[in-house]
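Here's a quick tour of a few local features worth a look. Keep the viewer open and follow along.

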Amino acid sequence: MKIICLGDSLTYGYMLPRKDSWPSILEEISSHKVINKGINGDTTPGMLSRFQNDVVAEKPSVMILMGGTNDFYNEIGYMNVAMNIKTMIVQCNYYMIKPVVMVPIPSISVEPMLIMKSSEVNRSITKLREELFAFQTVDDFILIDLYSHINELMEANKVAEYYLDDIHLNRKGNEYVAKIIDDYLKPYK
């Protein structure tokens, strides 16, 4: 199965060797062909604008999409992000590509100057999450709630082991994400 991973730095693998990104790890553990189309700093309008070239033209069986964090840091409203993601889901279904959407991971900043911004971003991710769950009743896609998975690590006081900085995952965090995705994709092998 050929999988395209569309996203931002969380997909690209910011500040990590390419082999340590979750798309590369997913390819290792799943034996699927996985292509990383993450771009550092990208937003959902950017992903939507490159959707035809980066997804449709590649003719994948599955597209995995994670986006919105940069939108929220740039104060783009969650409804705009949701509409961009919904548009890509509809396009995937039109082109017979199985859409998989991941709710972004939370920002974990504890730095006093960034706590307020981090809280705003996390509130927007939560609203996006709710919107995507509601949309799942209307359209056909797999929704992976990474936000909740990472929050479970936070509650167990283990989250710092999985993050590179306040926003990005390290190798261990990306291994965790790849395993979750692989579990969701097993029925589609």
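This model is predicted, and the ring-pairing rule, with centres within 6.5 Å, gives three aromatic pairs. One of them is Tyr94 with Tyr95, an edge-to-face pair with 4.9 Å centre to centre and 90° between the planes. That angle is why the pair counts as edge-to-face, since the label goes to planes over 60 degrees apart.

**Aromatic rings**
- Over at Tyr162, the ring has the charged end of Lys172 sitting over it, 4.9 Å from the ring centre.

**A buried loop residue**
- Thr43 belongs to the loop that links strand E2 (33-38) to helix H3 (44-49).
- With a relative accessible area of 17%, Thr43 is buried, because the cut-off for that label is under 20%.
- Setting aside neighbours within four places in sequence, Thr43 is in contact with Asn70, Asp71 and Asn74.

**Helix H8 and what follows**
- Helix H8 covers residues 146-155, and its buried residues are Leu146, Tyr147, Ile150 and Leu153.
- Looking down the axis of H8, those buried residues fall within an arc of 120°, so they line one face of the helix.
- Glu152 and Glu155 are exposed and sit on the face of H8 turned away from its buried side.
- After H8 comes Asn157, which has a positive phi, near 55°.

Technical notes
Residues are numbered from 1 along each chain as its sequence is written. This is a predicted model: local features need pLDDT of at least 70, side-chain atom pairs count only at pLDDT 80 or more; totals for chains, interfaces and linings use all residues. Side-chain values use heavy atoms; hydrogens and water are left out. Rings of Phe, Tyr and Trp (its six-membered ring) pair if their centres lie within 6.5 Å; planes under 30 degrees apart count as stacked, over 60 as edge-to-face and the rest as tilted. A charge sits over a ring if NZ of Lys or CZ of Arg is within 6 Å of the ring centre and within 35 degrees of the ring normal. Helices (H or I, at least four residues) and strands (E, at least two) are DSSP runs, numbered from the N terminus. Buried means under 20% relative accessible area, exposed over 50%, partly exposed in between (1.4 Å probe, protein chains only). Contact means heavy atoms within 4.5 Å. The arc is that of the directions from the helix axis to the C-beta atoms.
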